[in-house]
Every structure is written in structure tokens, then in C-alpha cells.
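Biologist: I would like to learn how to read a model like this one. Can we take it feature by feature?

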Amino acid sequence: MKSLNRLRRTLLATAVAAGAMALPFAASAQAPIVIKFSHVVAEQTPKGQGAMKFKELAEKKFPGRVQVQVFPSSQLFGDAKELEALLLGDVQFIAPSLSKFDRYTKKIQVFDLPFMFDNIEAVDRFQAGPSGQALLKSMTNRGLLGLGYWHNGMKQMSSNKDKLTRPEDVKGLKFRIQASDVLEAQFRALDASPQKMAFAEVYQALQTGVVDGQENTWSNIYSQKFHEVQKTIAETNHGVIDYMLVTNAKWWNGLPADIRKGLTEAMAEATAHANKLAADINQTDRKKIADTGKARIQTLSKEDVAAWRKTMAPVWKKFEGDIGRDLIDAAQKSNK
Ligand code: LMR
């Protein structure tokens with residue numbers, strides 16, 4: 001009888017211990033899925049606004065089940081690290097500019113070819129078409145899955161010189177560029193000296209004269225205060241800064257199906273929101289820059305633009321093999 005009681009006590013103790021061990025497991029099973037979304041620009045930019053909208057929509061769809069943490073302004077990871085961090089699972093969403101993927105697929109360089117797109121509407125048509133959509137999946141063999149494109153806008157050229165109208169005005173100057181071989185070739189074609197540099201370092205490099213100039217959208221120029229350390233901004237519209245929203249393919253495919261579906265919907269809505277705001281933000285920021293009177297905005301004549309276009313044209317030939325003629329043709333067709 002005594003030994004039976006002992007056995008009962010032992011069984012009970014074992015059951016209690018097992019229950020105690022199961023508790024934290026049960027609690028963690030209910031812990032929300034935490035999604036870290038890291039990016040390099042300020043919150044008031046199109047990308048910053050898109051990320052905040054995604055957080056709002058995803059958390060509303062899945063109260064207590066999904067938590068989105070947004071880290072703007074390179075707070076968590078800057079340009080040099082964010083793609084690696086995504087592949088290592090340290091963040092779940094990033095939206096680098098299209099120029100920053102050329103280590104993962106050469107085809108994406110089509111977006112960087114100078115004067116490829118007449119305006120952001122043409123970029124939008126290309127992205128929405130079959131070639132643009134195929135590019136979203138072109139890096140899955142490297143673990144990256146594109147979920148959509150977000151717009152920023154057309155690039156303008158700026159420098160610390162008074163004259164910035166013609167290609168010869170940048171000859172011999174040092175320019176900060178994003179990590180893109182096409183952009184490097186573009187500045188070499190201009191006889192300027194390109195320097196690849198992370199976005200977070202640009203203001204200081206311009207301020208201290210490490211570089212003389214840079215190329216960017218109005219919203220990035222204004223939110224980073226580049227206009228305060230540049231003399232002239234030429235309205236060249238010679239290229240585009242747009243983004244691919246990417247996730248870690250393995251992580252994404254491992255999510256419960258209902259979460260994946262809901263996040264896809266939230267992402268589509270956030271994309272529409274950000275893309276609708278992009279043109280407005282850029283135009284407003286252009287005006288704000290003009291109002292500060294700090295950097296002179298130089299509008300260009302048709303002849304000036306033609307001269308930039310002609311000087312940069314050899315870049316197309318140089319990258320045609322890597323990008324593919326079919327993709328270049330498809331992109332060109334979007335200019336109608
Ligand atoms: C840049 O590095 O200039 C841009 O790509 C930054 C951004 O994300 O818009």
C-alpha cells in the first residue's frame with residue numbers, strides 16, 4: 001500500500017513538473033509573429049509612409065497575432081547590411097532601391113540605365129507587366145522573394161558648383177552613387193568620379209567635401225537636407241529610384257497560410273497607399289527646397305537634356321549583354 005502511495009505521489013509530481021514545463025511552451029505558442037521592417041530613409045518619405053501603413057494594416061488584420069516593428073533611417077541596418085540581415089533572418093522585410101540588387105540579379109540593372117524611363121508612370125507600367133512581375137521572382141534561388149514595387153521618383157543631379165546645366169559641368173567631380181555598377185558606368189561616361197557609399201553617409205560626405213555631388217529624388221534630397229550642402233540641383237530626371245519590397249523566401253513560405261494571405265493583402269494596400277503619395281511628396285519637397293533658397297534648382301532646356309542623354313548613352317551597350325535585349329525592349333515599350 002505504502003509503495004502504491006509512493007508511486008502515486010511520484011506520478012503526480014511528474015505530471016505537475018511536465019505541466020510546469022509545458023506552460024512556457026503554451027505561452028510562446030501564442031506569442032505574436034514579430035516582423036521587423038528595416039529601411040534607410042526618413043519616415044515622411046514615400047517608403048517611410050508605406051512601411052507605417054503596412055504596420056497599421058497588418059496589426060489590424062491580426063490583432064495580437066502579428067506585430068510589425070518598423071526601423072527607419074538605417075537605425076537597425078544600413079545599406080551595407082540589410083540584405084544580408086534579411087537572409088540571416090534578423091529582419092523579415094526590407095525595401096532597398098532597385099539599384100542595390102545587382103549582386104543578386106544582373107537583370108534588375110535595367111532600372112538603372114540612364115534615361116530608360118520617361119517618367120514614373122512608365123516605370124509603373126513596366127513593373128506591372130510580365131517582365132516586371134518576373135523580376136520579383138528572379139532572386140528566389142538566392143533566398144529573396146519580391147512581394148511588390150514601391151515608387152519613390154525620378155532622380156535629379158546635384159553638386160557643390162554654381163553651374164550644373166550640361167554634362168561637361170560634372171567633369172572631374174566626385175559623385176556619391178548607390179552600390180550599382182550601372183551607376184558607376186554612368187558617371188564614368190560623364191568623366192566624373194563615382195564613389196559607392198551607403199545612404200546614411202551621404203550628408204556628411206557632401207558637407208565635408210568628400211564628394212562634390214550626388215543624384216537622388218526630391219524627397220530624399222529634402223528629408224536628408226542635401227540641399228543645404230549643395231549649391232545647385234539640376235532637374236535632369238535622368239533615372240529612377242524605386243524599391244522592391246523583399247522578404248526571406250524561406251521565412252515567408254513557412255508562415256501559416258492565413259497569415260501569408262492576410263499579409264499579402266495588407267502589403268497590396270500599403271503599396272497602393274505609398275505609390276499614391278509618392279508623386280505628391282516629391283513635388284511638395286521640390287517646392288520646399290525651392291522655398292529655402294539654399295540650393296538653386298536649375299531647370300534644363302530640351303537641348304541640355306539631349307546632351308546628358310547622349311553622353312550617358314554608351315552605358316546601355318555596356319550592360320545589354322547582362323540585362324538582355326528582350327528586357328530592355330520591354331522597358332522601352334512602357335514609354336508611350
Ligand atoms: C539611396 O541610397 O540614395 C536611396 O536608395 C535611398 C532610398 O532607399 O531611397
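Modeller: We start with the overall chain, then turn to the ligand, the aromatic rings and some single residues.

Biologist: What kind of model is this?

Modeller: This is a predicted model. Every value below is computed from it.

Biologist: How many helices and strands does the protein chain have?

Modeller: Count the secondary-structure elements before anything else. The protein chain has 13 helices and 11 strands. Then look at the extent. Along the principal axes, the C-alpha atoms fill a box of roughly 105 × 45 × 30 Å.

Biologist: What share of the residues in the protein chain is buried?

Modeller: Burial is judged by relative accessible area, and under 20% counts as buried. Of the 336 residues in the protein chain, 51% are buried.

Biologist: Now the ligand. Which residues surround the ligand?

Modeller: List the surrounding residues, then look for polar partners. The ligand is surrounded by Val40, Val41, Lys47, Ser97, Lys100, Arg176, Gln178, Phe199, Asn216, Asn220, Ile241 and Tyr243.

Biologist: Where do polar side-chain atoms lie relative to an oxygen atom of the ligand?

Modeller: Read the distances between N or O atoms. A polar side-chain atom of Gln178 lies 2.7 Å from a ligand oxygen. For Arg176, an N or O atom of the side chain is 2.8 Å from an oxygen atom of the ligand. Asn220 also has a side-chain N or O atom 2.9 Å from a ligand oxygen. The area then tells you about cover. The ligand taken alone exposes 270 Å², and the protein buries 100% of that.

Biologist: What is the largest cavity?

Modeller: Cavities are searched over the protein atoms alone. Here the largest cavity is the space taken by the ligand.

Biologist: Next, the rings. How many aromatic pairs does a search of the whole structure find?

Modeller: Use the distance between ring centres and the angle between planes. The search of the whole structure finds 13 aromatic pairs. One of them joins Phe37 and Phe93, at 6.1 Å centre to centre with 55° between the planes. That pair is tilted.

Biologist: Why does the pair of Phe37 and Phe93 tie together parts that are apart in sequence?

Modeller: Phe37 lies in strand β1 (residues 33–38) and Phe93 in strand β3 (residues 93–94), so the pair ties together parts 56 residues apart in sequence. Both Phe37 and Phe93 are buried. For Phe93 the relative accessible area is 0%.

Modeller: Trp251 and Trp252 give another tilted pair, 6.4 Å centre to centre and 45° between the planes. Trp251 is partly exposed at 22% relative accessible area, whereas Trp252 is buried at 6%.

Biologist: Which residues do ring pairs link into a cluster?

Modeller: Follow the pairs from ring to ring. Phe37, Phe54, Phe93, Trp150, Trp251 and Trp252 are linked into a cluster.

Biologist: What should I compare for residues that are apart in sequence?

Modeller: Leu147 and Met244 are 97 residues apart in sequence, with 7.4 Å between their C-alpha atoms. Leu147 is in strand β4 (residues 144–154). Leu147 is partly exposed, at 27% relative accessibility. Now take Phe93 and Lys317. They are 224 residues apart along the chain, and their C-alpha atoms are separated by 34 Å.

Biologist: And the backbone torsions?

Modeller: Look for positive phi in residues other than glycine. Phe115 has a phi near 60°. Phe115 sits in the loop between β3 and α4 (120–128). Asp191 also has a positive phi, about 60°, although it is not a glycine. Its loop runs between α6 (181–189) and β7 (193–196).

Biologist: Is Phe115 buried or exposed?

Modeller: Buried, with a relative accessible area of 7% for Phe115. Asp191 is partly exposed, at 46%.

Biologist: One last residue. Where does Ser334 lie?

Modeller: Ser334 lies in the segment after α13 (325–333). Its relative accessible area is 6%, so Ser334 counts as buried. The side chain of Ser334 reaches the backbone oxygen of Ala331 at 2.4 Å.

Definitions and conventions: Residues are numbered from 1 along each chain as its sequence is written. This is a predicted model: local features need pLDDT of at least 70, side-chain atom pairs count only at pLDDT 80 or more; totals for chains, interfaces and linings use all residues. Side-chain values use heavy atoms; hydrogens and water are left out. Rings of Phe, Tyr and Trp (its six-membered ring) pair if their centres lie within 6.5 Å; planes under 30 degrees apart count as stacked, over 60 as edge-to-face and the rest as tilted. Helices (H or I, at least four residues) and strands (E, at least two) are DSSP runs, numbered from the N terminus. Buried means under 20% relative accessible area, exposed over 50%, partly exposed in between (1.4 Å probe, protein chains only). A residue is near a molecule or strand if one of its heavy atoms lies within 4 Å of it. A polar contact is a pair of N or O atoms within 3.5 Å; within protein, one must be able to donate a hydrogen and the other to accept it, and residues adjacent in sequence count only if both atoms are side-chain atoms. Accessible areas come from the Shrake-Rupley method with a 1.4 Å probe; for residues, only the protein chains shown count as cover. On a 1 Å grid over the protein atoms alone, a cavity is a set of points where a 1.4 Å probe fits but cannot get out, and a pocket is an open set with protein on both sides within 12 Å along at least five of seven lines; lining residues have an atom within 4 Å of a point. A molecule sits in a cavity or pocket if more than half of its atoms lie within 2 Å of its grid points.
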